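Hello,

Here is the structure I promised to hand over. My notes follow below it.

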Amino acid sequence: MTGDVEEHAARFDEKAAEYDDGDHSPEYRDCRDLVIEHAAVDGDIVLDLGAGTGAISLALAPAADRVIGRDVSEGMLEQARKKASDAGIENVEFGRGRFREPDVPGDADVDVVVSNFAMHHLSDGEKRDAIDVIAGLEPDRFVLGDVMLFGEADPEEPFYSPEVDDPATVGVLADALTDAGFALTAVEAVHEQVGVLVAERGDDRT
């Protein structure tokens, strides 16, 4: 991860109250919508990593049995809890957790893992470790929407901030997913630096 985890959390704590009012790019919104679509939730238990203010979690909740949202920023989680309460959504729980330490409750048999615009803060090695942890939960599906490089990033027009972000190439992510036992079933290029990957596990998983 670029920078300390607590420093990273503090950055998002500061912007949490205004985060949903921010000028999110069309690419961000398209990525979010594709993650929701590809999650294909139908009575599942869902784990949302890097849940932020709950955009994905709350969108999936009506079709889910249970949604577990995890983030490193308590400020963002407070906003997510408020939104869930205001909307009367009771099958979502938000709490602190990291990609490599998601703190999934022992009674939760996770079916679907989703993440949007969060994993790019990790180094390539940390991404691989995170994907291994996710695979260890044995979900049927992992849907990753994120800053990822389909080619060389344009130094004149980067979609990310190098001082805090560390996006991987699609190839690096694909290799990490397949090495962890997933089959890559969909690749959606939203932008040359933004995309959605869908990875699934077969019936022969152990």
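Valine 187 is partly exposed, with a relative accessible area of 44%. Here buried means under 20% relative accessible area, exposed means over 50%, and partly exposed is in between (1.4 Å probe, protein chains only). Valine 187 sits in strand β6, residues 183-191. Together with Phe150 and Leu184, Val187 makes a nonpolar surface patch of about 220 Å². Patches take residues with over 30% relative accessible area and no salt bridge; like charges are joined within 9 Å, nonpolar side chains (Val, Leu, Ile, Met, Phe, Trp, Tyr) within 5 Å.

Before you use any of this: the model is predicted, so local features need pLDDT of at least 70 and side-chain atom pairs count only at pLDDT 80 or more, while totals for chains, interfaces and linings use all residues. Residues are numbered from 1 along each chain as its sequence is written, and side-chain values use heavy atoms, with hydrogens and water left out.

Overall layout

The chain has six helices and seven strands. Their order along the sequence is α-α-β-α-β-α-β-β-α-β-α-β-β. Helices (H or I, at least four residues) and strands (E, at least two) are DSSP runs, numbered from the N terminus. Of the 206 residues, 48% are buried. The accessible surface comes to about 9,500 Å², and carbon and sulfur atoms hold 43% of that. Areas come from the Shrake-Rupley method with a 1.4 Å probe; for residues, only the protein chains shown count as cover. Take the contacts (heavy atoms within 4.5 Å) with a separation of 6 or more: 70% of these join residues 24 or more positions apart.

Cores

A nonpolar core is a set of buried Ala, Val, Leu, Ile, Met, Phe, Trp, Tyr and Cys residues joined through side-chain atoms within 4.5 Å. The largest one has 28 residues. Val46, Leu60, Phe94, Val114 and Val196 have the most contacts inside it. Two or more residues each come from α2 (26-39), α3 (55-60), α4 (74-87), β3 (92-96), β4 (112-116), β5 (141-147) and β7 (194-200). Helix α2 gives the largest share, five residues. Beyond its neighbours within four places in sequence, leucine 60 is in contact with Ile36, Ala39, Val41, Val46, Val67 and Val114. There is also a second, separate core of 27 residues, with Ala130, Ile131, Ala135 and Ala180 among them.

Charges

A salt bridge is a side-chain nitrogen of Lys or Arg within 4 Å of a carboxyl oxygen of Asp or Glu. Aspartate 44 lies in the loop between α2 and β1 (45-49). Leaving out residues up to four places away in sequence, aspartate 44 touches Ala63, Ala64, Asp65, Arg66, Asp111 and Val112.

The whole structure holds nine salt bridges.

- Arginine 66 with aspartate 107, 3.2 Å, N to O. Arginine 66 is in strand β2 (residues 66-71) and aspartate 107 in the loop between β3 and β4, 41 residues apart. Arginine 66 is buried at 15% relative accessibility, whereas aspartate 107 is exposed at 57%. Arg66, Glu93 and Asp107 are linked in a network of salt bridges.
- Aspartate 86 with lysine 82, 2.8 Å, N to O. Both lie in helix α4, four residues apart, about one turn of the helix. Aspartate 86 is exposed, at 56% relative accessibility.
- Arginine 100 with glutamate 126, 3.8 Å, N to O. Arginine 100 is in the loop between β3 and β4 and glutamate 126 in helix α5 (residues 124-136), so the pair ties together parts 26 residues apart in sequence. Arginine 100 is partly exposed at 31%; glutamate 126 is buried at 17%.

Backbone

Aspartate 103 has phi near 55 degrees, a positive value in a residue other than glycine. Aspartate 103 is in the loop between β3 and β4 and is exposed at 53% relative accessibility. Glutamate 138 also has a positive phi, near 55 degrees. Glutamate 138 is in the loop between α5 and β5 and is partly exposed at 31%.

Best wishes
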